[in-house]
Amino acid sequence: MRLPIVTLSTQERWSCHQCGICCRGSLVPLDDADLQRLAGQKWEEHPDFKGIAVTTKLSLGANRRRLAHRDDGSCVFLQNDGLCRIHAELGFDAKPKICRVFPLQLIPRDKDIALTIRRACPSAAADLGASVDDHLPWMRKMVEEGKLFPSAAPAPIFKQGEKRDWKIVRVLLNAVSELLRDERYPPVRRLVHAIRLAELLHRAKTASLSDAKVEELIATICTLVYEEAKPYFSERAAPNASARILFRSMASDYARLHPKYRAKKGMGERIKLFRNAISIFRGRGALPDLKPALPAGSYEDLEHALGRIDPSIDLPLARMIETTSASYMYAIADRGHWSIIESVLGLAATFPVGLWLLRWSSIGREPTEKDMLDIVVALERGQGATQLTGKVQRSRLRTLASSGELARLVVWYAA
Ligand code: SF4
């Protein structure tokens, strides 16, 4: 049965402004049809690709593959004129599926497919251009012509070690989305509500409960989170030292996904990474050299209060969290065995990371909306980055949440 394609109730916008960022530093996973198509194109026989692999493992030890990058992180098919080699030589339909539609994205769910945009594109992060509804007929045509094959997705894991079907999974995803869109509260408060929901549900012994009882429990917790969140604001306290170490190492991983950062390789880089690990631990000393993406400075520079900033600067970050939760993308994204609880924590963590990176971007000056748009691109790229979707990141999030420190980090870096 073909599922209907729907757009979100909140309007999203995007048109391509040809910045070329999507061909630099992005990971493009390939499915079997993409791999077959690329193999048939025989790039290994092309004089410009002799000895150059056009695909590589998605991550160390993974079975899936992605498009290969050059040393500077750009796609192996990106030409000097900014165009795609596959498109230029063989046409639009010859490209991998993701490249054909990016940043539009279809999120297959149980009863429908959500059409949304990936904010890893700066124009999408800024909601610039045509409404996503305007792109709907084209996406429908792509599906009808068999160029995209979305099919109903299995329900994401409810809790660690606990699988439930879509009916109850949808209840939880909608509860999270409603908390995150509750306009009676500022975004920081909404995130603490969602974190408390995730933490309380994680602690509850639900394995033997029926779906009806779990639904009741979710509804009850949703009424409790408002009181639960209050002490984080009335007794605002600095996160403890261990939480700050975990947070800095997570935020540094996101910093390397900044669209202006060009990855470097070699022994010199490995030594710098080692030195940076020491600074992350101490919370003192020079920040890693990520120029021109981010300015030079020290870890101490990122601990000052942000003060009041123009709401237009916060907006792209708030929009990313809102639309990612409304589409369920944060929970359905391909991250192996993450549960919804872990995905909620991961989404919430992007908020303090975003504001920490905003402090870094604007060392010595006032932050701007452009700073935040680049940061949102980095945060969105984290959805598919190995270092932020693997065991290390899950363990960071679980440790932060179990001690209540994730909510504390959210509140601490918001101000
Ligand atoms: S990142 Fe967005 S605006 Fe830039 S080239 Fe890609 S699709 Fe176009």
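In β6, Ala-114 is the bridge partner of Ile-107, and that strand is a handy place to start looking around. This is a predicted model, where local features need pLDDT of at least 70, side-chain atom pairs count only at pLDDT 80 or more, and totals for chains, interfaces and linings use all residues. Residues are numbered from 1 along each chain as its sequence is written. Helices (H or I, at least four residues) and strands (E, at least two) are DSSP runs, numbered from the N terminus.

**Around β6**

- Strand β5 (residues 104-108) runs antiparallel to β6, with 5 bridges joining them; two strands pair if DSSP finds at least two bridges between them.
- Getting from β5 to β6 takes a hairpin of 4 residues.
- Leu-104 sits opposite Ile-117 in β6.
- β6 also has 3 bridges to strand β1 (residues 5-7), and here the strands run parallel.
- On that side, Val-6 has Ala-114 of β6 as its bridge partner.
- Strands of a sheet pair through backbone hydrogen bonds, either parallel or antiparallel.
- Is β6 covered or open? It's mostly covered, with 5 of its 5 residues buried. (Buried means 20 or more other C-beta atoms within 10 Å of a residue's own, exposed means 12 or fewer, and partly exposed is in between, with C-beta atoms placed from the backbone.)
- The cover is on both faces of β6: Ile-113, Leu-115 and Ile-117 are buried on one side, and Ala-114 and Thr-116 on the other.

**A second sheet**

- 3 strands make an open, antiparallel sheet in the order β2-β4-β3.
- β2 (29-30) and β3 (55-57) stand at the edges with a single partner strand each, so one side of each has no neighbour in the sheet.
- β3 and strand β4 (residues 65-67) run antiparallel and are joined by 3 bridges.
- Lys-57 stands opposite Arg-65 in β4.

**Two domains**

- The chain is assigned domain 1 (5-144) and domain 2 (156-415); such bounds come from an automatic or database domain assignment.
- Taken over C-alpha atoms, the centres of domain 1 and domain 2 are 26 Å apart.
- Domain 1 puts 24 residues into the contact and domain 2 puts in 25 residues, where contact means that two residues have C-beta atoms, placed from the backbone, within 7 Å.
- On the side of domain 1 that touches domain 2, β6 (113-117) and α4 (122-125) each supply at least two residues.
- By class, the residues on that side of domain 1 are 10 nonpolar, 6 polar and 8 charged. (Ala, Val, Leu, Ile, Met, Phe, Trp, Tyr, Cys and Pro count as nonpolar, Asp, Glu, Lys and Arg as charged, and the others, Gly among them, as polar.)

**The core**

- The largest nonpolar core has 107 residues, and Ile-195, Ala-348 and Val-410 have the most contacts inside it. (A nonpolar core is a set of buried Ala, Val, Leu, Ile, Met, Phe, Trp, Tyr and Cys residues joined through C-beta atoms within 7 Å.)
- Helix α13 (residues 340-361) gives the most to this core, 14 residues.
- Domain 1 (5-144) and domain 2 (156-415) each give this core at least three residues.
- Not counting residues up to four places away in sequence, Ile-195 touches Leu-345, Ala-348, Ala-401, Leu-406, Ala-407 and Val-410.

**Around the ligand**

- Which residues are around the ligand? They are Cys-16, His-17, Gln-18, Cys-19, Gly-20, Ile-21, Cys-22, Phe-102, Pro-103, Cys-121 and Ser-123, going by a C-beta atom, placed from the backbone, within 6 Å.
- This shell has 7 nonpolar, 4 polar and no charged residues.
- Gln-18 has a positive phi of about 55 degrees although it is not a glycine.
- Gln-18 is in the loop between β1 and β2 and is exposed, with 9 other C-beta atoms within 10 Å.
- The peptide bond from Phe-102 to Pro-103 is cis, with omega near 5 degrees, and Pro-103 lies in the loop between α3 (97-101) and β5.

- Asp-127, in the loop between α4 and α5 (132-144), is a residue other than glycine with a positive phi near 55 degrees.
- Most residues other than glycine have a negative phi, and most peptide bonds are trans.
- Pro-239 lies in the loop between α8 (211-234) and α9 (241-255) and is buried, with 23 other C-beta atoms within 10 Å.
- Pro-239 and Gly-404 are 165 residues apart in sequence and 9.2 Å apart in space, C-alpha to C-alpha.
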